[in-house]
Amino acid sequence: QVQLVESGGGLVQPGGSLRLSCAASGSIFSIYAMGWYRQAPGKQRELVAVMSSNGNTNSADSVKGRFSISRDNAKNTVSLQMNSLKPEDTAVYYCNADIMNSRGLMNVYWGQGTQVTVSS
């Protein structure tokens, strides 16, 4: 069984910063893409940023220059540093990973979500 556990959400004022972290655990053989999505009330879930196992990244235009993603492949973790936060960044943020388990089965896993609220 594989689990993704997120931490680091909360309430922050506009212009502030937050760092989200996600740790994968369980019967993991290999992790491919690992990243973050978000879903605001009444909107569809959208990609925030993702990083492949070799370090290639992709991110939404709305967060370029403000958010940065990093991974520690040895620890099976991914982090999202969010700077210059705006009210429109308010959403539930979900960790996402493409993982091959110890039985050789590929699957997409999601964390439980962590709330980020940007408000004065």
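Visitor: In this predicted model, which residue of β8 does Cys22 stand opposite?

Guide: The model is a predicted one. Strand β3 covers residues 18-26 and strand β8 covers residues 77-82, and the two pair in the antiparallel sense over six bridges. Within β8, the residue opposite Cys22 is Val78.

Visitor: Which residue in the turn of the hairpin formed by β7 and β8 has a positive phi?

Guide: The strands β7 and β8 form a hairpin, with four residues between them.

Visitor: What is the bridge partner of Val2 in β3?

Guide: Strand β1 comprises residues 2-7. Six bridges join β1 to β3, and these two strands run antiparallel. For Val2, the bridge partner in β3 is Gly26.

Visitor: What is the order of the strands in the open sheet?

Guide: Strand β3 pairs with β8, and β8 also pairs with β7. On its other account, β3 is joined to β1. The open sheet therefore has four strands in antiparallel pairing, in the order β1-β3-β8-β7.

Visitor: Which strands stand at the edges?

Guide: Each edge strand has a single partner strand, so one side of each is left without a neighbour in the sheet. From one strand to the next, the twist averages 15°. The strands at the edges are β1 and β7.

Conventions: Residues are numbered from 1 along each chain as its sequence is written. This is a predicted model: local features need pLDDT of at least 70, side-chain atom pairs count only at pLDDT 80 or more; totals for chains, interfaces and linings use all residues. Side-chain values use heavy atoms; hydrogens and water are left out. Two strands pair if DSSP finds at least two bridges between them. Axes are lines fitted to C-alpha atoms, for helices over the stretch in contact, and angles run from 0 to 180 degrees between N-to-C directions.
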